[in-house]
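Work through the exercises below with the model open. Try each task before you read its solution.

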Amino acid sequence: MKIKTGDEVIVLAGKDKGATGKVVKALPKEDRVVVEGVNLVKKHRKANPAGGQQGEVVTKEAPIHVSNIALAEDGKPSRVGYRFEDDGTKVRVSRRTGKDI
């Protein structure tokens with residue numbers, strides 16, 4: 001998966017199309033990522049009188065498939081490529097500009 005935690009991404013498809021945010025969590029086994037402020041869902045939490053917790057409705061970010069997002073560079077979507085440096089290290093590069101990420 002080419003998107004990593006901390007990347008600034010833009011949503012390409014879905015109800016939040018055009019929204020940008022930072023990747024909070026990457027789930028590579030599921031090909032999904034959690035993006036800050038995107039794909040918000042409401043979860044109803046059941047009350048637990050023994051634990052002293054009231055019932056409530058919590059809004060949180062749900063994972064979104066990695067195919068529906070792209071790396072944001074200057075507010076525009078960009079693909080991610082790789083390049084090997086002279087010392088053998090692998091570096092992510094932007095396909096739009098060719099700059100290191």
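**Exercise 1. Find what D100 and R83 do together.**

Solution. Step one: look at the side chains. D100 and R83 meet in a salt bridge, 2.7 Å from N to O. The term means a side-chain nitrogen of Lys or Arg within 4 Å of a carboxyl oxygen of Asp or Glu.

D100 sits in the segment after β10, R83 in strand β9 (residues 80-84), and 17 residues separate them. Strands (E, at least two residues) are DSSP runs, numbered from the N terminus.

D100 is partly exposed at 46% relative accessible area. R83, at 33%, also counts as partly exposed. Here buried means under 20% relative accessible area, exposed over 50%, and partly exposed in between (1.4 Å probe, protein chains only).

Step four: widen the view. R83, E85 and D100 are linked in a network of salt bridges.

A note on the source: this is a predicted model, where local features need pLDDT of at least 70, side-chain atom pairs count only at pLDDT 80 or more, and totals for chains, interfaces and linings use all residues. Residues are numbered from 1 along each chain as its sequence is written, and side-chain values use heavy atoms, with hydrogens and water left out.

**Exercise 2. Is the pair R92 and D7 buried or exposed?**

Solution. Start with the contact. R92 forms a salt bridge with D7, with the closest N and O atoms 3.0 Å apart. R92 belongs to strand β10 (residues 90-94) and D7 to the segment before β1 (8-11), so the pair ties together parts 85 residues apart in sequence. Now the answer: R92 is buried, and D7 is buried too.

**Exercise 3. Describe the salt bridge of R45.**

Solution. The partner is E56, and the closest N and O atoms are 3.6 Å apart. R45 lies in strand β4 (residues 40-45) and E56 in strand β5 (residues 56-61), so parts eleven residues apart in sequence are tied together. R45 is partly exposed at 36% relative accessibility. E56 is partly exposed at 38%.

**Exercise 4. Which strands pair with β7?**

Solution. First, β1: three bridges join this strand to β7, and the two run antiparallel. V9 stands opposite L71 in β7. Next, β8 (residues 76-78): this strand pairs with β7 in the antiparallel sense over three bridges. There, S78 is the bridge partner of L71. Pairing requires that DSSP finds at least two bridges between two strands.

Then the turn. β7 and β8 form a hairpin with two residues between them, and D74 in the turn has a positive phi of about 60°.

Last, the surroundings. Five of the five residues of β7 (residues 69-73) are buried, so the strand is largely enclosed by the rest of the structure.

Key: Helices (H or I, at least four residues) and strands (E, at least two) are DSSP runs, numbered from the N terminus.
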